[in-house]
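Visitor: Could you take me through one spot in this model up close? Pick a single residue and then show me what else is worth a look.

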Amino acid sequence: MESLLRCPLCAQPLDRQDTRYLCPRGHSFDRAAAGYVHLLPANKLHSKDPGDDKAMAAARNRFLSGGYYDPLRDALTRLALTYAPDRAQILDAGCGEGYYSAALFQALLQAGKHPRMAGVDLSKHALRRAAKRQGSIEFAVASVYDLPVADQQIDLLVNCFSPLALEEFLRVLRPGGLYCYVVPGARHLWELKQVLYDTPYPNEEKETPYPGLSYQEIQAVDGTIHLPDTQAILDLFQMTPYFWKTPRQGALRLAGLPQLDTTISFRIHVFRKQDRP
């Protein structure tokens, strides 16, 4: 079966087989038992276990499965239904455990469309969950800075809180293709930050034009979530950048909370790739 993915060694198309991916030059990549494939070359592997570790992937899965970020999921699916063509080729760059990928794919199928979709992430632990969540999506261990995807192949590229690899995104998007870039709003998780830090500050929120892309819209998603227990609070904390840079006292304060209500605020920046540079 023809794959959306390409060989990371020679950039040739990949054939998706039951147990492996194979390119015309004979490069072969085994599919893990869970269904994902490892396409990050050894010379670009900067650690033995890149991306979210097993505990972080489990925390993210528990939190997202609790429905706390459903408003963002629903907004992304509405955008996909609005903009994606019938036979859209879709890439989730930094897909994690596939929560948003699976929702987009399923919504398009239910609308009678015929999507093909791939997701890439550095974490094999997250991709193990992603592949089990939606087996019809191709999931690969790969870097967003070196996507195993052919030039001008993608109709819709989604990037939720992952690094902005603009040059690569422009390379893989078709002319006229759509890019949805999810970033935090100014007061995202404000009440959580008030517990963690003595003087929290809002996130910067602005329009940022990028060469080769034109703005279509910015969609705001705002609300409040109730975290009913310490486990849910700590799962959310472990998903955020604050997990790595919070003073010990702040982390201890958070761990002592029995419950927490906090703001969620997302901005979905929707761009279209220009037909000409």
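Guide: Let's start with Asp-155, which is buried, because its relative accessible area of 16% falls under the 20% cut-off. Keep in mind that this is a predicted model. Asp-155 belongs to strand 9, which covers residues 154-160. Its side chain has a polar contact, at 3.1 Å, with the side chain of Arg-174. Arg-174 also turns up on the list of residues that Asp-155 touches, leaving aside those up to four places away in sequence. That list has Pro-85, Arg-87, Ala-88 and Gln-89, and then Leu-173, Gly-177 and Leu-178 besides Arg-174.

Now over to a pair of helices. Helix 7 (residues 230-239) packs with helix 9 (residues 248-255) at about 145°, and their axes are 9 Å apart. Helix 7 brings Thr-230, Ile-233, Leu-234 and Phe-237 to the contact, while helix 9 brings Ala-251, Leu-254 and Ala-255. By type, the residues of this contact are 6 nonpolar and 1 polar, with no charged ones.

Four strands form an open sheet in the order 1-2-3-4, paired antiparallel. On average, neighbouring strands here are turned by 30° against each other, ignoring direction. Further in, strand 2 (residues 13-16) and strand 3 (residues 20-22) run antiparallel and are joined by 2 bridges. Arg-16 sits opposite Tyr-21 of strand 3.

Notes
Residues numbered from 1 in each chain as written. Predicted model: local features only at pLDDT ≥ 70, side-chain atom pairs only at ≥ 80, totals over all residues. Heavy atoms only, no water. Buried < 20%, exposed > 50% of the residue type's maximum accessible area, 1.4 Å probe, protein only. Polar contact = N/O pair within 3.5 Å; in protein donor to acceptor, adjacent residues only side chain to side chain. Contact = heavy atoms within 4.5 Å. Axes fitted to C-alpha atoms, helices over the stretch in contact; angles between N-to-C directions. Nonpolar A, V, L, I, M, F, W, Y, C, P; charged D, E, K, R; others polar. Pairing = 2+ DSSP bridges.
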